[in-house]
Structure formats: C-alpha cells, structure tokens
Amino acid sequence: RETTPSAVLLAALSAALHGYLSRQGERTTGIELRTLMPVNLRSEDTPDLLGNRCGLMPIELPVGIDDPKARLDETHRRVQAFREAYDAQRALGLFSLIGQTPRAVQLQSLKLLATKTSALLCHVPGARQPRYLCGAKIVEEMFWSPPSGDMGLAISVVSYAGHHQVGLLADAAMVPNPTAITGLIEAQLAALDPQAPAPRKATRRTSRKAT
C-alpha cells in the first residue's frame, strides 16, 4: 500500500524501540509509546512573522507490533488519523481557545498532558534542496527537542535535502546509551523494503543525566 515518508520513519523508529526493549528483556506485546507532537498553528498568509504559535497533539507509536509490514500499516493509519484530527481541531479553533485561557490553566493543561505521555516527538520539515552558507554546502541539519523535566525521552526528526536526521535525547537513568536505539533504525528501514538500496546513515544521539 502507498504510505508517507513520515509513516515509514515512525514505523522504523517503533521497531527500533521494540528491538531495544526486547534486548533488555522487557515485555513488548501490546506496548504503545505515547508521545506529544508540537504542531504549527501559524497560517501561511499570516502577517505575523515573529514568535511561536504551536499546539500539542498526542500520537501513539505501535512499539508492540512485531511484524514490520503490520507495524507500517498501523503507523500509516495513525499518522492519517493524526492529520485528520489536526485539521479538524485547527479548523474549529480549539488550539486558539486553549491559548486564550489564563496562564495557570494553560500550565495545568500541559502538566496533565505530560503525565499521560512518555516522550516528546518533534518532526521539523527542512529545506527540500541543499542550502549554502558563504559558498559552503550545508550537509546536514539537526535540532534537539526541549522536553519537560518530568519527560525522560525526546525524539527529534528533521528532513533536509531528501534525507532525515533522527536524534534521541534520553534520561540516563532510563536509556544509558541512546545509540542502542538509534543504531537499529537503518536495519528496520531495510526490513520494510529489502530490495531498496541502503539508506544514507543519518542518525545522531545523546543522553542527559537524570535530575
């Protein structure tokens, strides 16, 4: 079936998390990774070019599905449902409604979302064509998702010039070596399409100490 690059990448990431948990001797059947994804609220024709205008929406990664094709199908379905929900909520102005509440209400809402979530997932689309700085080609771009203190895992994904970079920021008490997860992504991409050429290696990783 036809799908999107986002669904393929998230399916491979889910598979990498599945493999990591399995190697740690953890149960994986039925496991879901609940993430929050920041979404853009700025319309293309807005005259206001400064400041951030974003909301948060939940999306669950099907970590517990073992079969690569079944995992991709389920991820595709969830990505499509996420986009439909985003379009509907944006059209109804629900994000703006929350943004107009008192700050105390906003903070309480964010705290409630964080308690129901295991990770922050930021996916930023970059330039489709390579960019240059003072005549030098920019080979890759990267950023780090800023998780709250109570959230031990942050996933950063950026697309740039036809490839993706994946970064994993983790609490050292939860994941001492994030490369044990990101290092599995390429093999999982290959498992989805064994006939495809090997993808360019494009993963970065780090960890942060527990507080």
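How much space lies in the largest pocket? In this predicted model, in which residues are numbered from 1 along each chain as its sequence is written, local features need pLDDT of at least 70 and side-chain atom pairs count only at pLDDT 80 or more, whereas totals for chains, interfaces and linings use all residues. Side-chain values use heavy atoms, and hydrogens and water are left out.

The largest pocket holds about 1200 Å³ of space. A pocket is here an open set of points on a 1 Å grid over the protein atoms alone, where a 1.4 Å probe fits and protein lies on both sides within 12 Å along at least five of seven lines; lining residues have an atom within 4 Å of a point. The volume is the space filled by probe spheres set on the points, which are joined across faces, edges and corners. Its lining comprises 40 residues, and Met 37, Pro 38, Cys 122, His 123 and Val 124 lie nearest the centre. Two or more lining residues come from each of H1, S1, S2, H2, helix H4 (103-115), S3, S6 and S7, where helices (H or I, at least four residues) and strands (E, at least two) are DSSP runs numbered from the N terminus.

The largest nonpolar core has 30 residues, and those with the most contacts inside it are Leu 13, Leu 33, Leu 121, Ile 155 and Ile 181. Such a core is a set of buried Ala, Val, Leu, Ile, Met, Phe, Trp, Tyr and Cys residues joined through side-chain atoms within 4.5 Å, with buried meaning under 20% relative accessible area (1.4 Å probe, protein chains only). The largest share of this core, eight residues, is supplied by H1. Leu 13 touches Leu 61, Ile 155 and Ile 185 (heavy atoms within 4.5 Å), not counting residues up to four places away in sequence. Another core, of six residues, lies apart from the largest one and includes Leu 120, Met 151, Ala 154 and Leu 169.

Ala 154 has Leu 169 in S7 as its bridge partner. Strand S6 (residues 153-160) pairs with S7 in the antiparallel sense over eight bridges, two strands being paired if DSSP finds at least two bridges between them. The two strands form a hairpin with two residues between them, and Ala 161 in the turn has a positive phi of about 55°. Strand S7 (residues 163-171) is mostly covered, since eight of its nine residues are buried.

Thr 4, in the segment before helix H1 (5-23), is buried, with a relative accessible area of 17%.

Key. Buried < 20%, exposed > 50% of the residue type's maximum accessible area, 1.4 Å probe, protein only.
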